[in-house]
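I opened this entry to keep track of what I look up.

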Amino acid sequence: MDRIDRKILALLEADGRLTVTELAQRVGLTPAPCHRRLRELERSGVIRGYRAVVDPAALGLGFEVLVSVTMDREDAGTITEFERSLATVPEVRHAERLFGDPDYLVRVATADIAAYQRLRDEKLATLPGVQRLTSTIVMKRVVNERPFPMDRPR
């Protein structure tokens, strides 16, 4: 990946709706070679997809909670079942398995604290292998979906 590929990525992270013509102009290429580079970035998996970034509050889901999950056992079957079950919970926006304690960090979005309490008690706490849930309410996002730094060499 060279400087032009990195510039293409930076521009698309800022505005994923740029046309190939606009993108080519901004990186100093004609559309055909720009299009080839773009397709190669997509084909190789560097660009994993395109999507709209939706404001959760506009959907009535502005109450966000970070949930730390500590497991009571970590055998392969329990972990697989926990992760499969967690993936079926629509309110889960992001989930990561961690080294150390806690075992998982999960970001959920609900309408309000009462909706979160029901989700916590009726769904999250009943998932396979869960020993403890610790909830931290998000006050505000300070850094949100920042683009990756493109000026770093690999």
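Which residues lie nearest the centre of the largest pocket? I note that this is a predicted model. I looked up the lining and found 41 residues, with E13, R51, V53, E145 and F148 nearest the centre.

Pocket, continued. I read its volume as about 1600 Å³. I then checked which elements give two or more residues to the lining of this largest pocket, and they are α1 (3-14), β1, β2 and β3. Helix α1 gives the largest share, five residues. I sorted the lining by residue type and got 22 nonpolar, 15 charged and four polar residues.

Sheet. I traced four strands in an open sheet, and their order is β2-β3-β1-β4. The pairing is antiparallel. I asked myself why one side of β2 and of β4 is left without a neighbour in the sheet.

Pairing. I followed β1 (residues 63-71) against β3 (residues 104-110) and found seven bridges in the antiparallel sense. For L66, I found the bridge partner R107 in β3.

Helix on the sheet. I looked at α5 (residues 113-122), which packs on the sheet and touches β1, β3 and β4. I noted about 135° between the direction of α5 and that of β3.

Note on methods
Residues numbered from 1 in each chain as written. Predicted model: local features only at pLDDT ≥ 70, side-chain atom pairs only at ≥ 80, totals over all residues. Heavy atoms only, no water. Pairing = 2+ DSSP bridges. Contact = heavy atoms within 4.5 Å. Axes fitted to C-alpha atoms, helices over the stretch in contact; angles between N-to-C directions. 1 Å grid on protein atoms, 1.4 Å probe; cavity = no way out; pocket = protein on both sides within 12 Å on 5 of 7 lines; lining within 4 Å. Points joined across faces, edges and corners; volume = space filled by probe spheres on them. Nonpolar A, V, L, I, M, F, W, Y, C, P; charged D, E, K, R; others polar.
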